[in-house]
Amino acid sequence: MALHRLTTITLGVPDPAAAAAFYREFGLRETATGIFATTDGGEQLRLAAAPRRGLLELGLGVDDPDDLARMARSIEGLGLGVERNGATLRAIEPAARLRVTAAIAPRIVETAASRSTSNGPGRIERTNRPADGVLRTDPVQPQKLSHLALASPDADQTIRFLTDGLGFRTSDRIQLVAFLRCSDDHHNVAVQAGPCAFLHHTAWEVADVDEVGRGGAAMVRTDPARQLWGLGRHAIGSNFFWYLRDPAGHFAEYVSDLDRITDGAAYAPPVWEGPQAIYAWAPPLPGEFLMPADLPSLME
Ligand SMILES: [Fe+2]
């Protein structure tokens, strides 16, 4: 059948205990030391001690052995090596130093988020009670790993590996970034041109914009130094966002209302120009979003 989802990512971090505390507070559930689950996606984050921060492994889910065989042929067709071990395939894309493990995995079953009513002039959906987002008191819990964004010094090669090799489809492509999907999410992996290979951010889907706001606000209330950028809304993909800094220097994004593409031929976005390439509305774009503060050390 097909490649259908991101399964799990492994992040290398210099201080696993500090990173664990961050992701616990972010709303992921720690199932064992350094292993974190989303509510719908299962164990989707692993933390491993490493001298410098980065993505150590990306896990992908496919439907059946034919998918792995097809993937292996396609990767070999790009001149890259593939390691097959039973129901698992491993490969490395050298430019982004992207290590991928694909395995047969069940499709994700998403718990339907409850529909929040909202009022507008002439459109009254909620009367005689406060808004749902105001009344919520439970901690924010991401439902699944939405996407990650990688920088590559040879973005074209990395994009080719993901599309021609692994089977990702392209949703949007602007000069500096390709938005690729392996599900009906607008993007599951974004690849941007960069001076070296690094992980820009991971993104975690929550129910709605109130959860993005509640999550981001709670994280910043504990430690204002975590604030990177948000609340805002991207134009490409449409998602609401709030980006935070984890203790290792990775950015972690709360996401809601991402575009879904069920028919690639029907998706006809505008030509993204100017600031729209990065966002629709938000507080001023921090320079660090484009140029992470630790980039000089990652380039060494
Ligand atoms: Fe993102």
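This is a predicted model: local features need pLDDT of at least 70, side-chain atom pairs count only at pLDDT 80 or more; totals for chains, interfaces and linings use all residues.
Reader: Which elements do the buried residues of α5 pack against?

Author: Buried means under 20% relative accessible area (1.4 Å probe, protein chains only), and among the buried residues of α5 are E211, V212, M219 and V220. Contact means heavy atoms within 4.5 Å. The partners of the buried residues are α1, α3 (132-135), β14 (227-233), β15 (240-245) and β16 (251-256).

Reader: Which residue caps the N-terminal end of α5?

Author: A polar contact is a pair of N or O atoms within 3.5 Å; within protein, one must be able to donate a hydrogen and the other to accept it, and residues adjacent in sequence count only if both atoms are side-chain atoms. The backbone nitrogen of D210 lies 3.1 Å from a side-chain oxygen of the capping residue, D208.

Reader: Which strands stand at the edges of the sheet?

Author: The open, mixed sheet has 8 strands in the order β2-β3-β4-β1-β5-β8-β7-β6, where pairing requires at least two DSSP bridges between two strands. An edge strand has a single partner, so one of its sides is left without a neighbour; this holds for β2 (29-32) and β6 (82-85).

Reader: Which residue stands opposite R84?

Author: β6 pairs with β7 (residues 88-93) in the antiparallel sense over 4 bridges. In β7, the residue opposite R84 is L89.

Reader: Is T38 buried or exposed?

Author: T38 is in strand β3, and a polar atom of its side chain lies 2.9 Å from the backbone nitrogen of G41. Leaving aside residues up to four places away in sequence, T38 touches L28, Q44, P142, Q143, K144, L145 and W204. Its relative accessible area is 5%, so T38 is buried.

Reader: At what angle do α2 and α4 pack?

Author: M71, S74 and I75 in α2 meet F161, D164, G165 and L166 in α4. Angles run from 0 to 180 degrees between N-to-C directions, with axes fitted to C-alpha atoms, for helices over the stretch in contact. The axes of α2 (residues 65-77) and α4 (residues 155-166) are 8 Å apart, at an angle of about 135°.

Definitions and conventions. Residues are numbered from 1 along each chain as its sequence is written. Side-chain values use heavy atoms; hydrogens and water are left out. Helices (H or I, at least four residues) and strands (E, at least two) are DSSP runs, numbered from the N terminus. Buried means under 20% relative accessible area, exposed over 50%, partly exposed in between (1.4 Å probe, protein chains only).
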